[in-house]
Amino acid sequence: EEGVLHLLPGTDQSGRGVLVLRADKMMRLEGIKNNRIGVLRAAWYMLHAAQHDEKTWLNGLVIVIVNDTETVNGFDYHFFLRVKTVMYDCVPLKTKAIHDCVLVGGETRRSYATKRWLSVIFSVIKLVLGRGGRQRYWPHLVGSGKHELEQVVVNFEACGISREHLPTVLGGTLDEETYVAQFLHGRRDIEEQAEHDSAAAAAAAAAGATAAAAAGAAETMSKPP
């Protein structure tokens with residue numbers, strides 16, 4: 001509900017679903033910061049929700065991570081290993097690309113020490129992802145200027161993700177708060193309908209079994225001794 005993890009509407013131009021992980025929010029919200037298991041459960045849920053889209057099932061998933069320098073400074077190697085396990089090993093969806101977007105200001109962007117530290121973190125992530133994963137991992141430094149955000153949008157559009165589907169923090173026009181509320185409402189409706197259909201099917205099966213048993217009993221009783 002806080003929008004830490006959510007699927008973008010529809011798919012990209014290649015028919016791949018897009019999952020957004022707002023790591024910057026995760027580190028700032030106290031109720032989530034210390035609830036890593038909750039984040040893993042949310043990731044598992046979103047991945048399963050993505051499978052319901054036929055195009056995503058066939059073409060795979062793109063992951064967009066939104067970080068900032070504070071989040072990167074608090075990089076948790078062991079938690080990242082667990083996220084990687086959920087993403088790669090627990091759901092039969094192929095991850096086609098990972099865009100790791102680090103939000104940096106003008107001064108921070110020019111800081112040599114910050115660049116070196118980010119380079120180390122990116123190298124560790126690539127090492128954990130392995131040969132196949134590192135070829136699909138794309139780190140981005142996202143500045144706060146209008147021109148820099150526009151360049152980010154251009155880069156994502158080249159990858160098939162439109163401006164309308166990008167959150168405003170990355171230069172897009174998607175209102176995340178409104179969209180996430182609508183997405184969760186839609187998911188609840190889908191799950192309630194699925195539960196209703198399952199209960200109806202179970203009731204019909206039970207009624208059919210009862211009727212068959214009653215018919216068998218009646219047939220047995222109608223036979224002469």
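A helix here is a DSSP run of H or I at least four residues long, numbered from the N terminus. Keep in mind that this is a predicted model.

**Exercise 1.** Work out where Val152 sits and whether Val152 is buried or exposed.

*Solution.* Next, check the accessible area. Buried means under 20% relative accessible area. Val152 comes in at 8%, so it counts as buried.

**Exercise 2.** Find which residues Val152 touches, leaving out those up to four places away in sequence.

*Solution.* Two names turn up: Val142 and Leu170. Along the chain, Leu170 is 18 residues from Val152, yet their C-alpha atoms are 6.8 Å apart in space.

**Exercise 3.** Describe how helix H3 packs against helix H6.

*Solution.* First, get the geometry. The axes of H3 (residues 36-50) and H6 (residues 77-89) come within 10 Å of each other, crossing at roughly 20°. Angles under 35 degrees count as roughly parallel, so H3 is roughly parallel to H6. The crossing is right-handed.

Then list who meets whom. H3 brings Arg36, Ile37, Val39, Leu40, Ala43, Trp44 and Leu47, while H6 answers with Phe79, Arg82, Val83, Val86 and Met87. Sorted by class, that contact holds 10 nonpolar residues, two charged ones and no polar ones.

**Exercise 4.** Check the length of H3 and pick out its buried residues.

*Solution.* With 15 residues, H3 reaches 21 Å from first to last C-alpha, close to the expected 21 Å. Its buried residues are Arg36, Val39, Leu40, Ala43, Met46, Leu47, Ala49 and Ala50.

Note on methods. Residues are numbered from 1 along each chain as its sequence is written. This is a predicted model: local features need pLDDT of at least 70, side-chain atom pairs count only at pLDDT 80 or more; totals for chains, interfaces and linings use all residues. Side-chain values use heavy atoms; hydrogens and water are left out. Axes are lines fitted to C-alpha atoms, for helices over the stretch in contact, and angles run from 0 to 180 degrees between N-to-C directions. Helices (H or I, at least four residues) and strands (E, at least two) are DSSP runs, numbered from the N terminus. Angles under 35 degrees count as roughly parallel, over 145 as roughly antiparallel, 65 to 115 as roughly perpendicular and the rest as oblique. A crossing is left-handed if the near helix is turned anticlockwise from the far one by less than a right angle, and right-handed if clockwise. Contact means heavy atoms within 4.5 Å. Ala, Val, Leu, Ile, Met, Phe, Trp, Tyr, Cys and Pro count as nonpolar, Asp, Glu, Lys and Arg as charged, and the others, Gly among them, as polar. The expected span of a helix is 1.5 Å times one less than its number of residues. Buried means under 20% relative accessible area, exposed over 50%, partly exposed in between (1.4 Å probe, protein chains only).
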